[in-house]
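Me: I'd like to talk through this structure with you, a bit at a time. Could you take a look and then answer some quick questions?

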Amino acid sequence: MNAAALTMLILLAAGVQARLPAVPVLGGLRLEFLPALVAVAALTYRPGAAMGLALLAGLTQDALSAGPFGVTGLAYATVAFGITAMRDVMDPDLPWMQMAAGGALAGGVAVLGAGVAGFSATALLKILALGWWSALLTVVVFYAGDFCRQWMRDA
Amino acid sequence: MIAGLLLAGWALVLGQPTLVSARLRALCARLGTPFVKLGDLIPAVRSRHELARANDRFRAENERLRQQLQAFTETGRENLRLRELLNLAASRPRKTIAARVIGRDAGNWWQSLQLDRGWNDGVTENMAVLNADGLIGRTVAVTRGESRVLLVLDPGCKVSALLQDSREPGIVTGGGNARLTMSYINRAAQIHPGEAVVTSGFGGVFPKGILVGHVERAGLNPETGMSFDATITPAVDFRRLEEVLVILE
């Protein structure tokens with residue numbers, strides 16, 4: 001996926017995250033889209049670009065949140081740093097690798113967020129739910145990216 | 001290794017109110033806010049039926065507020081007379097500004113709103129935000145054209161409050177869910193369900209007399225047993241906030 005397109009998608013995802021209501025059936029959880037996009041960057045871009053996009057995503061989310069500024073940016077940058085460092089042994093085309101990356105990013109943010117807001121049984125369930133949601137969404141984003149690339153090639 | 005050291009350094013100064021973080025936050029908010037406002041396109045696509053229902057709801061609310069205003073006007077006149085009698089200085093009406101809610105918290109760990117007013121409009125940090133129903137929260141981060149409000153539902157927002165009938169003081173805190181807890185209430189206090197809870201005016205942020213909610217139930221603090229804790233139902237419906245008032249002074 002083109003870096004400029006991914007940057008716009010990240011900003012759009014942050015805006016949508018801040019605008020959509022919480023989902024009552026998921027215990028009032030707000031759906032997060034940024035971890036999946038950061039996972040795409042971490043698995044496919046050079047380390048510098050991946051961390052830059054991770055920082056942009058995290059700091060934008062922090063600017064649209066009441067949490068300490070930099071928490072999400074730190075989490076995304078740290079996990080993205082780890083993913084890019086392990087890229088030699090990770091095959092980004094494998095769905096479970098994509099799920100692991102998305103889940104790790106969402107989980108890292110959620111753990112830091114819970115650490116600031118306070119750990120509890122509800123927080124643990126939230127961390128798990130957010131990790132699973134991002135893991136699944138990452139695979140969907142990769143699939144959509146491949147589909148669009150194929151469609152443009154055929155066109 | 002350099003990146004790791006930078007990250008470690010960043011972790012040490014995380015959340016500190018530095019000039020760099022304030023400027024960076026303002027820049028990121030300016031980047032993200034236009035995309036938040038794009039969400040206006042989604043609710044704009046409504047059926048006529050929904051609009052008619054909303055219209056009826058607003059008419060009924062308008063009528064209720066008119067009647068309330070009439071009652072308050074009468075109470076205000078009586079208050080003035082009594083103050084003159086006691087030779088107290090009359091309180092000035094508060095200076096307020098209306099703001100539109102343009103976004104909520106982008107994360108899952110805090111409860112906040114984004115408003116379309118910033119320091120260009122006279123809004124600064126630690127200003128009380130409310131609506132016709134009651135207290136909503138306080139401003140925590142302000143940039144040129146937008147501001148962030150920490151809701152009373154958030155555990156980080158603590159409000160000094162009074163039980164309206166018994167005038168017993170306490171501290172109201174959010175639990176991150178839809179209920180509030182009023183703590184440190186005197187053990188000898190008489191608390192009854194449905195009793196209103198209002199701001200006490202202590203602390204310098206929330207003016208006195210703003211409705212916070214109503215008591216649902218009360219019991220001794222399970223950890224210390226030295227004071228009462230009361231569960232409060234908030235007066236405001238936080239799911240349906242669209243316009244709010246910010247108290248500028």
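Me: Let's start with a side chain. Is B:Arg179 buried, partly exposed or exposed?
Reply: This is a predicted model, and in it B:Arg179 counts as partly exposed, because its relative accessibility is 35%, which falls between the limits of under 20% for buried and over 50% for exposed.

Me: And what does B:Arg179 form a salt bridge with?
Reply: The partner is B:Glu216, and the closest N and O atoms of the two are 2.6 Å apart. B:Arg179 sits in the loop between β7 and β8 of chain B while B:Glu216 belongs to strand β10, so the pair ties together parts that are 37 residues apart in sequence. B:Glu216 is partly exposed as well, since its relative accessibility is 30%.

Me: Which residues are linked with that pair in a network?
Reply: The network of salt bridges links B:Arg179, B:Glu216 and B:Arg217. Within it, the side chains of B:Glu216 and B:Arg217 meet with an N to O distance of 3.0 Å.

Me: How many salt bridges does the structure hold over all chains?
Reply: Over all chains there are 7. Another of the pairs in chain B joins B:Arg239 and B:Asp237, at 3.2 Å from N to O; here B:Arg239 counts as exposed because its relative accessibility is 67%, whereas B:Asp237, at 29%, is partly exposed.

Me: Back to B:Arg217, what stands opposite it?
Reply: B:Thr231, in β11 of chain B, stands opposite B:Arg217. The two strands concerned, β10 (residues 211-220) and β11 (residues 228-234), pair in the antiparallel sense over 7 bridges.

Me: What do those strands close into?
Reply: They belong to a set of 6 strands of chain B that close into a barrel in the order β6-β7-β8-β11-β10-β9, with antiparallel pairing. Neighbouring strands of this sheet are turned by 40° against each other on average, direction ignored. Chain B as a whole has 4 helices and 12 strands.

Me: Where is B:Ser227, and is it buried or exposed?
Reply: B:Ser227 lies in the loop between β10 and β11 of chain B, and it counts as buried because its relative accessible area is 12%. Leaving aside neighbours within four places in sequence, B:Ser227 is in contact with B:Tyr184, B:Ile185, B:Arg187, B:Gly219, B:Leu220 and B:Asn221.

Me: Which residues does B:Gly170 touch?
Reply: Not counting residues up to four places away in sequence, B:Gly170 touches B:Val159, B:Ser160, B:Ala161, B:Met182, B:Ser183 and B:Tyr184. B:Gly170 is placed in strand β7 (residues 169-174) of chain B and counts as buried, given its 7% relative accessibility.

Me: Zooming out, how much of chain B is buried?
Reply: Buried residues make up 39% of its 249 residues. The accessible surface of chain B comes to about 14,700 Å², with 56% of that belonging to carbon and sulfur atoms.

Me: And what area is buried between chain A and chain B?
Reply: About 3,300 Å² is buried between them, and carbon and sulfur atoms give 72% of that. On the side of chain A, the residues that lose the most area to chain B are A:Arg19, A:Leu64 and A:Phe69, together 23% of what that side buries. In terms of contacts, 42 residues of chain A meet 35 residues of chain B.

Key. Residues are numbered from 1 along each chain as its sequence is written. Chains are lettered from A and ligands numbered from 1 in the order in which they are written. This is a predicted model: local features need pLDDT of at least 70, side-chain atom pairs count only at pLDDT 80 or more; totals for chains, interfaces and linings use all residues. Side-chain values use heavy atoms; hydrogens and water are left out. Two strands pair if DSSP finds at least two bridges between them. Axes are lines fitted to C-alpha atoms, for helices over the stretch in contact, and angles run from 0 to 180 degrees between N-to-C directions. Buried means under 20% relative accessible area, exposed over 50%, partly exposed in between (1.4 Å probe, protein chains only). Accessible areas come from the Shrake-Rupley method with a 1.4 Å probe; for residues, only the protein chains shown count as cover. Contact means heavy atoms within 4.5 Å. Buried area is the accessible area (1.4 Å probe) that two parts lose on being put together, summed over both. A salt bridge is a side-chain nitrogen of Lys or Arg within 4 Å of a carboxyl oxygen of Asp or Glu.
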